[in-house]
Amino acid sequence: MAHYPLLMRDAYQDQLDELANVLAGMCDEVSEALAKATRSLLEVDLHLAEEVITDDIRVDELRDRAEEQAFALLALQAPVATDLRIVVSAIHGAGDIERMGDLALHIAKAARRRHPQPVLPPEVAPYFAEMGRVGCALARKAATVIRTRDLAKAAELEADDDAMDDLHRHMFTVLMDRNWTHGVGPAVDITLLARFYERYADHAVAVSRRIVYVVTGRMPGPLTV
Amino acid sequence: MATDPLPTQLADLARLLSQMGTAAAAALQHATTALLDCRERLAQQVIAGDAAVDALRARVEEISTDALLFHAPVAGDLRTVVASIRAAGDLERMGDLALHVAQVAERGRTLPAEVRGDFAEMGRVAVAMARKAAEVAGSRNVVLATELNADDDAMDELHAHMFTVLMDPTWAHGVGTAVDLTLLARYYERFADHAVLVAREMVYAVTGEEPDTIRL
């Protein structure tokens, strides 16, 4: 009998670890989705765009799983203190990461809508390549923060998000410039696309900030989502 | 200090969420007026007022966490607490989106005559949706929640129409205006999406089912 509570505790710890694994796995999925969506934009690749659109369901399924696990933990284990914060932050995180998947999906849909025409004029393509690179790195780092609760890695996300904001602002400068020759249509597409990348980054940062809150008890900045 | 009993906490959560919805509706209504009538002072008031919505959200999270910690609710009560945490996030975001509209108004952007009617209508639909979401959150009126889906379809049509206007070859207001209007239309559309999500959360709390799977 003496060992029984100990065994219970282990099963409980396993459940918490499994919840973190599902969330981190979601981050990996949406990082891959953004990488593919960005390539579909840059390389005008309809097949890749379709793949992102079809695969989004996997992220939604992982979210459902994370939420079921979070509910089971709350209902059956009634966690307290740090563990309770972990479960609540997982509920928030699952929502944020699912939204990141939706934003990658929106990018892929823009590529599909204009196909076989490219969405991006050549002079803005490099900025989107960079926004894609930064966005994917943010999602992968969020996965690391979820798995390891590494606060130094969490701080990196803040710097990456600043880089994304700079790129986002710069896109507007390009669009508003007198030398913009591509007219209103592409400008409207690019405005929304740049916004999708920027929001993707915001959600990754929100995920990471919630983990920092779990570890330190203090929220490192506003949850801008 | 002893924590409140669970029924008191659940009633507090419903009241706070309803307040958040009412505040978000008022913020977007004022932001839209500021945008249509170029009232920069009114826009500044909306921007300053957003902190109040953020504070309500923090309060919802506190009460929810206390409820989980001290009462370990199960079944419908657990769903209500979790739904409240999520809905508070959506309502806070609605406040942020109203703030974004106000920020555009504050910069003194004048709407071209041919889109004024569309933005007035997007404002009207979105504000009505926020008020309904507030009522659903306060009263758990699941039937009213289903109305929001029809409202959201109306918003999507308005949003799609804006792009037709902007992409039209006769568009005479330049790229800068088109960029601002693209984002503005997006803010209204997202505001409406979050109002739908709030109602869905409440339906889920009451019934334990996602709204898609229930026949009302």
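How many residues does helix 3 of chain B have, and how far does this helix reach from its first C-alpha to its last? Point 2 has the answer; some housekeeping comes before that.

1. **Ground rules.** This is a predicted model, in which local features need pLDDT of at least 70 and side-chain atom pairs count only at pLDDT 80 or more, while totals for chains, interfaces and linings use all residues. Residues are numbered from 1 along each chain as its sequence is written, and chains are lettered from A and ligands numbered from 1 in the order in which they are written.

2. **Helix 3 of chain B.** This helix, residues 75-106, has 32 residues and reaches 46 Å from end to end, close to the 46 Å expected at 1.5 Å a residue. (Expected span is 1.5 Å times one less than the number of residues; helices are DSSP runs of H or I with at least four residues, strands are runs of E with at least two, and both are numbered from the N terminus.) The helix is mostly covered, with 25 of its 32 residues buried. "Buried" asks for 20 or more other C-beta atoms within 10 Å of a residue's own, "exposed" for 12 or fewer, and "partly exposed" lies in between, with C-beta atoms placed from the backbone. Just past the helix, Gly108(B) has a positive phi of about 85 degrees.

3. **Chain A overall.** Chain A has six helices and zero strands. Its C-alpha trace spans about 75 × 35 × 20 Å along the principal axes. Of its 225 residues, 45% are buried.

4. **Helix 6 of chain A.** The 33 residues here should span 48 Å at 1.5 Å a residue, and the end C-alpha atoms are 47 Å apart, so the two agree. Burial covers 25 of the 33 residues. Just after this helix, Gly217(A) takes a positive phi of about 80 degrees.

5. **Where the chains meet.** The contact (C-beta atoms, placed from the backbone, within 7 Å) takes 22 residues from chain A and 22 residues from chain B. On the chain A side, helices 2, 3, 5 and 6 each give two or more residues, and helix 6 of chain A supplies the largest share, seven residues. By class, that side has 17 nonpolar, four polar and one charged residues. Nonpolar here means Ala, Val, Leu, Ile, Met, Phe, Trp, Tyr, Cys and Pro; Asp, Glu, Lys and Arg are charged, and the others, Gly among them, are polar.

6. **A lysine to look at.** Lys132(B) is in helix 4 (residues 113-139) of chain B. Lys132(B) counts as buried because it has 22 C-beta neighbours inside 10 Å. Leaving out residues up to four places away in sequence, Lys132(B) touches Leu144(B), Glu147(B) and Leu148(B).

Notes: Contact = placed C-beta atoms within 7 Å.
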